[in-house]
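Student: I am new to this structure. Could we go through some of the labels and ask what stands behind them?

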Amino acid sequence: MAKLLYEGKAKQIFATDNENEYLVYFKDDATAFNGEKKGTIQSKGMLNNKISAFFFNLLAENGIPHHFISMVSDREMLVKKLEILKVEVVVRNIAAGSLAKRIGWEEGTKLPTTILEMYYKNDELGDPLINNYHIKAMGLATEAQVAKMEEYALKINEVLTGYLKAKKIELIDFKLEFGLNNGEVILGDEISPDTCRFWDSVTGEKLDKDRFRCDLGNVEEAYKEVLQRLTGEAV
């Protein structure tokens, strides 16, 4: 049996026969508000695995390097080993969630310009908001690495926003994680309704984990809807 290296809120990471590759297993467990709310979303692991694989392939076609290698099963993907940078990058196009509360703007307000935010990846501290000065002082990443993360984040936003509009999905905001592979900054983690806010472009219906956070119901159905619009696959 493969050795479990790490278990997070939504995924398990296993060693493989290749020291430079890991196996990622996507769980159905769901958490919100820094783990204060917990539950299960049926089939979430399978849906997030497939949605993430789709987005990684799309981004590769547009010049974004990432850790995804291949899907192993409906719930598992093979990825490159990364030295994770402890900086989460959040890209915001429309005011929602914590940003709407922090700046006092009504949720759904289109931002005049895309906002990039950095958070310290630390569950015990609640992933606090930081800036480039904090990152430098804490030694979390070099200035060149931060610049590369920002460059990739804006490019990813451009690619995903354009693609999703054609699928009648509005990309409100999303979280990215990066790591080092042979010293190179590349995209890691996942891109899914767990890490993105997706709203239906016509109705404004939420198609993401906010349905779980806010007890809106039909959470699994929303994730299935995203997969079907992206790939045509009905689950």
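Tutor: Two strands pair if DSSP finds at least two bridges between them. Helices (H or I, at least four residues) and strands (E, at least two) are DSSP runs, numbered from the N terminus. This is a predicted model, where local features need pLDDT of at least 70, side-chain atom pairs count only at pLDDT 80 or more, and totals for chains, interfaces and linings use all residues. Residues are numbered from 1 along each chain as its sequence is written, and side-chain values use heavy atoms, with hydrogens and water left out.

Student: What makes β11 and β12 a pair?

Tutor: Strands β11 (residues 169-181) and β12 (residues 184-187) are joined by four bridges and run antiparallel. Pairing asks for at least two bridges, so the two strands pair.

Student: Why is Leu5 called partly exposed?

Tutor: Buried means under 20% relative accessible area, exposed over 50%, and partly exposed in between (1.4 Å probe, protein chains only). Leu5 has 40% relative accessibility, so Leu5 counts as partly exposed. Leu5 is in strand β1 (residues 4-7).

Student: Which residues does Leu5 touch, not counting those up to four places away in sequence?

Tutor: Contact means heavy atoms within 4.5 Å. On that basis Leu5 touches Ile13, Phe14, Ala15 and Tyr22.

Student: How do you know that Lys27 and Glu7 form a salt bridge?

Tutor: A salt bridge is a side-chain nitrogen of Lys or Arg within 4 Å of a carboxyl oxygen of Asp or Glu. For Lys27 and Glu7 the N to O value is 2.9 Å, so the pair qualifies. Lys27 lies in the loop between β3 (21-26) and β4 (29-32) and Glu7 in strand β1, so the pair ties together parts 20 residues apart in sequence. Lys27 is buried, at 10%, whereas Glu7, at 42%, is partly exposed.

Student: What makes Lys121 and Glu88 a salt bridge?

Tutor: Their closest N and O atoms are 3.9 Å apart, which is within 4 Å, so this pair counts. Lys121 is partly exposed at 24%, and Glu88 is buried at 7%.

Student: Why is α4 said to have a span close to the expected one?

Tutor: The expected span of a helix is 1.5 Å times one less than its number of residues. Helix α4 (residues 143-166) has 24 residues and reaches 35 Å from its first C-alpha to its last, close to the 34 Å expected.
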